[in-house]
Amino acid sequence: MGPAMSISSIFNHGVKGMAASQLATNVTASNITNAATAGYSRRVANITPDHSLVNSDKSQRVVEPLLHKRLLNAQAGAGESAAQKAAVQTLDQVFAEGEGTVGDALDKFQVSMQELSTRPEDQATREKVLATANGLAMAFQNASAAIKQARGDASTGIADEVQQVNARLNQISKLGAEIQQAEGAGFEASELRDQRDLLIGQVADRIPVTVNDHGNGMISVTLGGGQDLVGPDGKVSPLLYSPDTDGSPRIMKNAAGTITDVTNYAMSGSIGGKIKAWEGPLAEAGKRLDQLAAEVADGSNKPDGTHVKGYNEVHAQGFGLDGDTGLSLFSYGSTTEDAAANFVVSSDVAGSPDKLAAADSTGGVSNNENALALASLSGGQIASAWSSGVPPIAIGGSITVTEALASLTGYAGSEVSNAIQADSFASGALEQVQSLNENATGVSSDEEMVALMRYQRAYQASLKVIQTADQMLSDLMSIR
Amino acid sequence: MRVTDSSIYASIRKQVMRGQARLTEAQERATSGLRVAKPSDDPIAAAAARRDHARQALAEAGMKTADVANSQLLGADSATGDAYETMVRAREIAMQAASSTMDGEARANMAIQVRQLKEQMVTIANTNVLGRYVFAGENDDKTPYSADGTSYTGGNTPKDVQVMPGTRFQAGITGRDVFGDETTPNNVFTTLENLAAALEANDQGGAHTALTAIDADQFRLSKARTKVGTMMNGLTTAQAVADRHAFQSKQEISRLTEADSVGTLTDLVQAKGALEAALAIANQIPVGTLAGGK
């Protein structure tokens, strides 16, 4: 080749250099613009040594697959504990001290029994006993309703979350196809990939998934036990929420008509957190409350088999001012299940203060023998054997109603407190992984500022190369 | 180490959020004065406080019970005292009448006095405190004695009360224990009736006989009064115990659930300081050249 060819190749280098610098500046500009965009992974310009324009039109997404995996895990953990905390916090309200709570109502009822033993003949005192008995019934009902409401909310929440997951699975599948198409045609699909990662994260918030990258733009999203929600071919197996007849949350997977129960693999993320709250502390607290209500009314059996009387049995022994006997004070339906929800003042005595059995025989209005027996129930004669396996506090496995409620309060407090701590721990863990991932893949504007200066200089240098080549050419032309 | 814009802002955001949460908690503690406002704040303290709330409520109710029972017993005590004094007066009359220096007219006058004493005695036996007849046992809504004292319709079971759960106190005394059994001759009304009749009949020996009966009545009355006094003492002791229980429970609740004011204030100041520091740091994030810095 002649010398003119050499000068023109200098021009070519200059042009390529300018183009490469322009591209790199463009990438930097994109990074800066998206510094605060959620889910944006920074790009680096892909400049090859020979400044090949074919290659340099591609920028590369910076991703850390290992961190991304840890991030999905941490998201599921944080989603789970946050959902569980939100669900069980109801227990804090139900068992706090205050007007209208079971504890307050029980105190007032026991006090009114004491007053009845002091003034069994007094109509106002009798009315008060009925009022406080009714207050106790309302408190049991309200507490039960609040716990049921929390479980209902958890259940509705799971149904919503399942919808959210399904919507995202469909989008993930659609994006997979688009990425495959774009990249197959030689276009870059970084933004689509960013979007997909964001969606995967939103799925992981709700249900624990892992992701397999098949290298061809397609990924599979998998629950535990190898249950594909998005298959390698992009086929989506949506989730179904179908609670059991008793309301127990069940999560199903519908793979083209084949329904599989995947509940056991869904025990993390916000869905798992809600399932755990439903099955765990909320169920247990509700059960214990029912048991307490039933035992207030009908007493219980100690582990040694001896029966300890409740308010109904003691009340039935006595006589009302009108001579009636054998009447119940409370009723709660036929089974311990839902006893708190069905707890009411018995129709035997409701609205009839004269029927309150303060006496142990007919006749004297101030006969308070049975009222004394009723009042002494607060002092330790009602036992609660805790057949549900709660450790008994007192000797012989029997505890008073007051003790039983105190123990239930402690249980509720511990569950909520544990949930709060778990949430704090999980969100801390998530923050840490997020920070690591963010530092690896996010945009640093200082770094970009330096890059901007560098590419500006490179651009100027390339211009200088062209200018120089031009000068050389012009010098050559001016030879006479 | 590579540090990105979002992680700087995320970190600042985290610190500010934490600072706010901490400040809110400290403010809640300071304004409510409670360290344990809900069970999760301290489950063990909350459970213990629940027990103490129940204990306090029952102890306070027990104190009221003791009050009511005491006012009835006070009534019984002073009535028994009056009854005793009445019999002392009757005894003086009987002593005079038993002396031979009295004539028939004087005895007849004394008879009138004795009949008045008997009426007084019936009134005393029918003493009513706050609507309850104190010597009528379980039938205390009705006058226990007929006007002549010959029939008693009160109950024969003295009333018990419960001051502390599981402990019972006798807090009342029935008519027959105080005034004697009206179905036998051994009762104050018969004694007074017999004395009056003897005086009206100018029966010196009868007046003398009445002295023995009066002695027996006085003995029964003073025994009854002692019994009432013992009950009152017992109740006072029980009330003091209930009072102490109520006080201790209240103190315990306060110890378990209330925030100590110095600690709360310190927490508040610290939390405020921490939040202000986090916000100040947020202001110190360098403004890069890109964002218009030089």
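What follows is a chat about this predicted model, one topic at a time.

Me: Which elements of chain A have the lowest and the highest mean pLDDT?
Reply: Helix 2 of chain A (residues 53–56) has the lowest, at 45, and strand 12 of chain A (residues 344–345) has the highest, at 96. Also look at residues 380–398 of chain A, where the pLDDT is below 50. That stretch still has 49 contacts in the model beyond near neighbours in sequence.

Me: OK, switching to the contact. How many residues does each chain give?
Reply: Chain A gives 54 residues and chain B gives 45 residues. On the side of chain A that touches chain B, the elements giving two or more residues are helix 5 (102–118), helix 11 (369–375), helix 12 (401–441) and helix 13 (445–477) of chain A.

Me: Which of those gives the largest share?
Reply: Helix 12 of chain A, with 19 residues.

Me: What classes of residue are on that side of chain A?
Reply: The side of chain A that touches chain B has 17 nonpolar, 27 polar and 10 charged residues.

Me: Now chain B. What domains does it have?
Reply: The domain assignment gives chain B a domain 1 (5–33 + 264–291) and a domain 2 (50–253). Taken over C-alpha atoms, the centres of domain 1 and domain 2 of chain B are 75 Å apart.

Me: What span should helix 1 of chain B have, and what does the model show?
Reply: Helix 1 of chain B covers residues 5–32, which is 28 residues, so at 1.5 Å a residue it should span 40 Å. The end C-alpha atoms of helix 1 of chain B are 40 Å apart, which agrees. After helix 1 of chain B comes Gly33(B), with a positive phi near 70°.

Me: Which residues of helix 1 are buried, and what covers them?
Reply: The buried residues of helix 1 of chain B are Asp5(B), Ser6(B), Ser7(B), Ala26(B) and Arg29(B). Their cover includes helix 12 and helix 13 of chain A, along with helix 7 (261–283) of chain B.

Me: And what about helix 7 of chain B?
Reply: Helix 7 of chain B has 23 residues and reaches 33 Å from its first C-alpha to its last, close to the 33 Å expected. The buried residues of helix 7 of chain B are Thr264(B), Ala271(B) and Leu275(B), and what covers them includes helix 1 of chain B.

Me: Next topic: which residues touch the most other members of the largest nonpolar core?
Reply: That core has 108 residues, and Phe140(A), Val203(A), Val221(A) and Ala293(A) touch the most other members. Helix 6 of chain A (residues 123–184) gives the largest share of this core, 17 residues. Not counting residues up to four places away in sequence, Phe140(A) touches Val102(A), Ala293(A), Ala340(A) and Phe343(A).

Me: What's in the second core?
Reply: The second, separate core has 55 residues, including Leu58(B), Ile173(B), Ile214(B) and Ala224(B).

Me: Is Ala256(A) buried or exposed?
Reply: Ala256(A) is exposed, because 7 other C-beta atoms lie within 10 Å, and 12 or fewer counts as exposed.

Terms used
Residues numbered from 1 in each chain as written. Chains lettered and ligands numbered in written order. Predicted model: local features only at pLDDT ≥ 70, side-chain atom pairs only at ≥ 80, totals over all residues. Domains from an automatic or database assignment. Contact = placed C-beta atoms within 7 Å. Helix = DSSP H or I, 4+ residues; strand = E, 2+ residues; numbered from the N terminus. Nonpolar A, V, L, I, M, F, W, Y, C, P; charged D, E, K, R; others polar. Expected span 1.5 Å × (residues − 1). Buried ≥ 20, exposed ≤ 12 C-beta atoms within 10 Å, placed from the backbone. Core = buried A, V, L, I, M, F, W, Y, C linked by C-beta atoms within 7 Å. pLDDT = per-residue confidence, 0-100.
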